Amino acid sequence: MAQFPVNPHRLDPYKNFKFRVKWDGRYVAGVSKVSPLKRTTEVIEFREGGAPSSSRKSPGRTEYAPITLERGVTHDPEFERWANLAFDRAGDAAMSLKNFRKDLVIELLNEQGTVVLAYRVYRAWVSEYVALPELDANGAAVAIESIRLEHEGWERDVDVKEPAET
């Protein structure tokens, strides 16, 4: 079977440098890096009393690793706004219990800019916000802000189909 059913001529896998992140129905400006989507299922080992010395294994609890989003520091306040929904200097009463969790979509695009894969991330919230990185007068790097998102899982959007490439 071909690796790409709709485009059997395509041999190369998709590149990792074209992607978009969307929450609240809008694309977030300037996201330059997204950590991997990773889940790990605990292994439960057990052995029956009358069985040979080997044990059996079955799946246990599944954990989803946090997702980190990074982008260059700009005047766009989206990262900070979301982070402030889970923590506000005005105190606990200022925290938004209604809005601090968001669903988001991570889209992978091909070289033509067409969405080829999308993943939906559920009930995410900001557990860490880095407003400014370490500043270094001798450095020559872009200042990067980041948020770490805790969430309750993700799944592939099966409505996104492989596009016909021309």
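Colleague: Which element gives the largest share of the lining of the largest pocket?

Modeller: In this predicted model, strand β7 does, with three residues. Strands β3 (31-34) and β8 (115-130) also give two or more residues each, as does β7 (102-109).

Colleague: What else can you tell me about the largest pocket?

Modeller: Its volume is about 300 Å³. The lining has 14 residues, and Asn16, Phe19, Val34, Ile106 and Leu108 lie nearest the centre. By class, nine are nonpolar, two polar and three charged.

Colleague: And how much space lies in the second largest pocket?

Modeller: About 220 Å³. Among the residues that line the second largest pocket are Phe4, Tyr14, Arg156 and Lys161. That lining divides into seven nonpolar, one polar and four charged residues.

Colleague: Let's turn to the rings. Why is the pair of tryptophan 23 and phenylalanine 79 called tilted?

Modeller: Two values settle that. The centres are 6.2 Å apart, and rings pair if their centres lie within 6.5 Å, so tryptophan 23 and phenylalanine 79 count as a pair. The angle between their planes is 35°. Stacked needs under 30 degrees and edge-to-face needs over 60, so this pair is tilted.

Colleague: Where in the chain do tryptophan 23 and phenylalanine 79 sit?

Modeller: Tryptophan 23 is in strand β1 (residues 19-23) and phenylalanine 79 in helix α1 (residues 78-86), 56 residues apart. Both tryptophan 23 and phenylalanine 79 are buried.

Colleague: What makes tyrosine 119 and tryptophan 154 an edge-to-face pair?

Modeller: Their planes are 80° apart, with 5.7 Å from centre to centre.

Colleague: Why is tyrosine 119 called partly exposed, and why is tryptophan 154 called buried?

Modeller: Tyrosine 119 has a relative accessible area of 22%. Buried means under 20% and exposed over 50%, so tyrosine 119 falls in between and is partly exposed. Tryptophan 154 has 15%, which is under the 20% cut-off, so tryptophan 154 is buried.

Colleague: How do you know that the charged end of arginine 71 sits over a ring?

Modeller: The charged end of arginine 71 is 4.2 Å from the centre of the phenylalanine 79 ring, and the distance cut-off is 6 Å. Lysine 102 lies over the face of tryptophan 82, at 5.8 Å from the ring centre. Both of those rings belong to one aromatic cluster, formed by Trp23, Phe79 and Trp82.

Technical notes
Residues are numbered from 1 along each chain as its sequence is written. This is a predicted model: local features need pLDDT of at least 70, side-chain atom pairs count only at pLDDT 80 or more; totals for chains, interfaces and linings use all residues. Side-chain values use heavy atoms; hydrogens and water are left out. On a 1 Å grid over the protein atoms alone, a cavity is a set of points where a 1.4 Å probe fits but cannot get out, and a pocket is an open set with protein on both sides within 12 Å along at least five of seven lines; lining residues have an atom within 4 Å of a point. Grid points are joined across faces, edges and corners, and a volume is the space filled by probe spheres set on the points. Helices (H or I, at least four residues) and strands (E, at least two) are DSSP runs, numbered from the N terminus. Ala, Val, Leu, Ile, Met, Phe, Trp, Tyr, Cys and Pro count as nonpolar, Asp, Glu, Lys and Arg as charged, and the others, Gly among them, as polar. Rings of Phe, Tyr and Trp (its six-membered ring) pair if their centres lie within 6.5 Å; planes under 30 degrees apart count as stacked, over 60 as edge-to-face and the rest as tilted. Buried means under 20% relative accessible area, exposed over 50%, partly exposed in between (1.4 Å probe, protein chains only). A charge sits over a ring if NZ of Lys or CZ of Arg is within 6 Å of the ring centre and within 35 degrees of the ring normal.
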